[in-house]
Amino acid sequence: MKLYNIKENDEQVSFGQAVGQGLGRNQGLFFPSDIPQFDDIDALLAEGFIPRSSKILSALIGDELPKEQVQQLVGAAFQFPAPIKSIKDGVYALELFHGPTLAFKDFGGRFMAQSLAAVSLPKEGADKNQKITILTATSGDTGAAVAHAFYGMENINVVILYPKGKISPLQEKLFCTLGGNIHTVAIDGDFDACQALVKQAFDDQPLREEIGLNSANSINISRLMAQICYYFEAASQMSKTERENLVISVPSGNFGNLTAGLLAKALGLPVKRFIAATNANDTVPRYLETGKWDPKPTIATTSNAMDVSQPNNWPRIEELCRIKGWGLDTLGKGMVTDTQSAESVVELNQLGYLCEPHGAIAYRVLTEQLQQGETGLFLCTAHPAKFKEVVDEILGTDIDVPAPLAKHGAMELLSEDLAANFDLLKVVLRRVQA
């Protein structure tokens, strides 16, 4: 698999290099030079989740990893289902929260961990003291998925930055209580400030080499590749008639999920159109409406995992649309306020489906834009209990907390507080690696 740097096209790397580096020069994102096309989609969808995902990822990776090894990586990563649930006639929810941290990022986080171990860690006879430092920023769910995926892995240290006081208490507990090789830092700022620190670290070439720096954000291509697979899995659970007029609404923050969906379409998945559904941090919907990229200061909302005003993955979407000749005006869009998302949580509950604000945002925009004869699918990216305080307040209830959340909820936070200062972060990174 060959990939190029979107910002500096002359930088071309292999899959292993892209996984190991995370970002290219000038903070450029890596993108596949060639996107394979599956012709017999019905046959592909008839296969099971693991065999089908292995074929998709093998086609993308090429001969860099043997097909048998890719299947092993997928089998180790995807140990939980991605079921669809019927909400009402013609509308389905894709549940992506059945993994160990109850969020969609378990798919990408676990596949990245497996991939990194396969391509980047010291091999037999190499320097066993060589270490990798994973640095990532999270607006909520990435942190837990990455922490649990890499927890206990030899020669890998993980540093996770998150905005202090701006993620749910249970989200925080799920990844800030592990210790060991997992180091969590509460930044005095918003998610964009955390993301800016990660970018500064990657721009510091001496530091990158000194600590073996890598990122596990959705900027890492291996995470995006894994997410492609559950779009095919969702379609496989529908009838052929339903999926021929499929409209998918994606709750969007950093836009990795939507990028993966569009890549699935590029591979041949028959999706009529995608909808980018955001909260009040609506940089992309405004851009699609006006053609002007005008990020505003990040606003804290009840859908905190989407509180991103400068989404990192948007350049990949523009690059893919350019390559495929897809006009950006073919993307649906919509912004949903906290009040409206709460109304949709109530509506879904009345339909017999317990949802949280992120999924409810995708549901609302989908149902507003779905046309007669179309099948709608919206992504439920996290278990409602991860946002228990918000959901309980909206519904006036006391929802059950699954065992993994309850276990970590009772544990002590191990995070350290830090100002949004790169020099201070460098001290932390060097201390972790020592």
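Let's start at one residue: setting aside neighbours within four places in sequence, Asn257 is in contact (heavy atoms within 4.5 Å) with Phe104, Gln227, Tyr230, Tyr231, Val250, Leu379 and Thr381. Asn257 sits in helix α12, residues 256-267; helices (H or I, at least four residues) and strands (E, at least two) are DSSP runs, numbered from the N terminus. With a relative accessible area of 5%, Asn257 is buried, where buried means under 20% relative accessible area, exposed over 50% and partly exposed in between (1.4 Å probe, protein chains only).

A word on the model: it is predicted, so local features need pLDDT of at least 70 and side-chain atom pairs count only at pLDDT 80 or more, while totals for chains, interfaces and linings use all residues. Residues are numbered from 1 along each chain as its sequence is written, and side-chain values use heavy atoms, leaving out hydrogens and water.

Next, look at helix α16 (residues 357-369), which is mostly covered: ten of its 13 residues are buried, among them His358, Tyr363 and Arg364.

Five strands form an open sheet in the order β9-β6-β7-β8-β14, with parallel pairing; two strands pair if DSSP finds at least two bridges between them. The edge strands, β9 (213-214) and β14 (416-419), each pair on one side only. Strands β6 (residues 132-137) and β7 (residues 156-163) pair in the parallel sense over six bridges.
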